[in-house]
Amino acid sequence: MIYTVTFNPALDYLMYVSELQSDDINRTEKEQIFYGGKGINVSVILTRLGVKNKALGFLAGFSGHQIENMLNADGIENDFVYLKNGYTRINVKIKSKKETDINACGPEITDDGIRELFKKIENLENGDCLVLAGSIPKSLPDNIYEKIIEKLNGRGLDFVVDATGDLLKNVLKYKPFMIKPNHHELGEIFSTEIKTLGDIKKYGKMLQDMGARNVLVSRGKDGAALLDENGNIHTMGNVPGKITSSVGCGDSMVAGFIAGYCKTKDYAYALKLGSACGNATAFSSNLATKEEIEKMLQSEELK
């Protein structure tokens, strides 16, 4: 069983305005609402690929209930901790000649809330996979991922971590199954700039020396590279075309990689499916559908 954790989920409220005026009332042409959060996105793609999983994390207020309702309607299994105060974030995205994003801070996660989450993950057992993805609210310490893994360490679980900075570095000593920095984040860890595949090999290997078993590096327009635990490096390009949105591409890649490895235990195929999921989401207005992913798998660039 795969479990994902999202500390900072959100509703994204998209408003389309032909021309935004600062000194007048603006009226939208249309609106859309999507649920989001990196762990939730991973759960969505896993579900669409037919991989059993459960989304965990924190919700609060009426906006939290809306996310739960939308996830249930889409068949995404979930078991969130409900916080007593505050509201799950509603992020406003104004789509006009220029885009304006206003992201909310979200509710404060209390010690009681953390304890309740820990009770839920107590049920994880040998062979399960736990995905920790995304940022955390300011109310939490930057070693919260480490505390979770420390609590579960030694049970035969696989840990996947998609995070930056100390959130990522603090967990490397627990030998996570996979980490997924992008090339900018990889450079930031070592205070350098990643320009070539050789740089990825060098600094990805340093992360493996620090404990990571597999290092998946997304490279933007240059595709992705995987340093696997057997000492091999795999690369995959991108499918050419006009990108609709980059939101959720990395999460889709993580989900596809996990699904591919669970199915075949083959790292090359895991990277291929991960790349197909990431590319499919890039060309979609939301997270990719199963049909879009399957079509992308047939692309020459991913063969």
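The structure is a predicted model, in which local features need pLDDT of at least 70 and side-chain atom pairs count only at pLDDT 80 or more, while totals for chains, interfaces and linings use all residues. Residues are numbered from 1 along each chain as its sequence is written, and side-chain values use heavy atoms, with hydrogens and water left out.

Two packed helices are described by the angle between their axes and the distance between the axes. Helices here are DSSP runs (H or I, at least four residues) numbered from the N terminus; axes are lines fitted to C-alpha atoms over the stretch in contact, and angles run from 0 to 180 degrees between N-to-C directions. The crossing of H8 and H9 is right-handed, that is, the near helix is turned clockwise from the far one by less than a right angle. Contact (heavy atoms within 4.5 Å) involves, among others, Cys249, Ser252, Met253 and Phe257 of H8 and Tyr267, Leu271, Gly274, Cys277 and Thr281 of H9. The residues of this contact comprise 12 nonpolar, 8 polar and 1 charged. Nonpolar covers Ala, Val, Leu, Ile, Met, Phe, Trp, Tyr, Cys and Pro; charged covers Asp, Glu, Lys and Arg; the others, Gly among them, are polar.

Lys38, Asn41, Val42, Ile45 and Leu46 in H1 meet Asp251, Ser252, Val254, Ala255, Ile258 and Ala259 in H8. Here the division is 7 nonpolar, 2 polar and 2 charged.

Ser252 lies in H8 and is buried (under 20% relative accessible area, 1.4 Å probe, protein chains only), with a value of 1%. Leaving aside residues up to four places away in sequence, Ser252 touches Ile45, Gly274, Cys277, Gly278, Thr281 and Leu287.

The structure holds 0 disulfides (pairs of cysteine sulfur atoms within 2.5 Å). For Cys249, the nearest cysteine sulfur is that of Cys277, 11 Å away. Cys249 counts as buried at 15% relative accessibility, and Cys277 counts as buried at 0%.

Methods
Helices (H or I, at least four residues) and strands (E, at least two) are DSSP runs, numbered from the N terminus. Buried means under 20% relative accessible area, exposed over 50%, partly exposed in between (1.4 Å probe, protein chains only).
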